Amino acid sequence: MSSDTETPVDELDALYQDLDAADLRPLWTITEQLLTPTPRPAAVPWLWSADTLKPLARRAIRLVPVERGGERRVLALQNPGLGGLPYAVGTLWGALQCLGPRETAPAHRHTPGAIRFVLEGEGVWTTVDGDACDMRPGDLVLTPSMQWHDHVNGGDSEMFWFDGLDLPMIAALDGVFFETWPGPGQSQPQPAEHNRSERTPREGARYTAGAVAGPLHPRPAELLVYRWADAAAELDRLAAASSDPVVAVEYTDPATGASVLPTMACAVHRVRGHGPAERRAGNAVHVVFRGHGSTVIDGRRFSWGPGDMFAVPSWAAVEHDSDGADLFVVSDEPVLRALGIDRREILPGPQTVTDVFTPKDPPR
């Protein structure tokens, strides 16, 4: 059609076609998609049941060897809202890692930082830059960015732990680097003594009641292992001094008072009643260490027990209820605080439950 007969609508259509051909997008057509009143994460609230995870992990131990190439026997939590990406939520990787008797997972290092929260088993240690950190149920072990680490099972039983990584965040920044151990063999030389970082005298608190609010630091904690007995003692102390239905402690770098890693906060929430409904900017993954209960997330009730894992996307309303349970929580909160975009909101009352989550049937 010639310009003499074109209407304004035709000219506008032609403009959009030419913009598309030039790999350009007009902001006025997508403003509402980009600048939303509140966060609209692609990840959805979801739960992975231990009844499903554990049998599959045991089958993997039997069928899939741990060796150079595969590196780790890990079952990654894949959120259905993320289009097939192996991420629990948009900024955090969550997984169940398992190691069979007398197995060793080879040494490597990478820019994504990682944490390990032990669920079950004895006799395993993670060596982090030459420091062999013994792992027992409830312990938290750090493997900060670009620190060599391998896992060794020196016993005769299986070991299961939760892996949390900032991998999706680092991948979004195009900052992923990975290296395999360059020395002889596949693992770091094993030290004569374990738990060096734990034995080093340190001033400062290893736990913060509630959550770290102020301190930020780009360096990870030099203390690499936090024992469950210590965390439980802090929770007991807080619970004895409070009538709140939920009390919490965040693991803290003793030297700086900051979260244990610059990109991830780790905490334990003790639920002993019906807690308030709360929203927070940023993503989190919850791991049930002990006890049974339920959590309402954006109106959907999720019932849980030991070993279950569930995802809480950014700005979802979260409301816990239990007669007594401890939930390990990893979140991306330090990043939001560093950027000045952290935000929390307590809802005025309980949520209306509109749906109940039904886990997939466990494998036969």
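**View 1. The buried face of helix H6 in a predicted model.** Trp228, Ala231, Ala232, Leu235, Leu238 and Ala239 are the buried residues of H6, where buried means under 20% relative accessible area, exposed over 50% and partly exposed in between (1.4 Å probe, protein chains only). They sit on the same side of H6 because they cover an arc of only 125° around the axis, taken from the directions from the helix axis to the C-beta atoms. Residues count from 1 along each chain as its sequence is written, and side-chain values use heavy atoms, leaving out hydrogens and water.

**View 2. What H6 packs against.** The buried residues of H6 pack against strands E12 (207-209), E13 (225-226), E14 (246-251), E15 (265-271), E17 (284-290) and E22 (325-331). Helices (H or I, at least four residues) and strands (E, at least two) are DSSP runs, numbered from the N terminus.

**View 3. A closer look at Ala239.** Ala239 lies in helix H6 and counts as buried, at 16% relative accessibility. Leaving aside residues up to four places away in sequence, Ala239 touches Val247 and Arg272; contact means heavy atoms within 4.5 Å. Ala239 and Arg272 are 33 residues apart along the chain, yet their C-alpha atoms are separated by 9.1 Å.

How values were computed:
This is a predicted model: local features need pLDDT of at least 70, side-chain atom pairs count only at pLDDT 80 or more; totals for chains, interfaces and linings use all residues.
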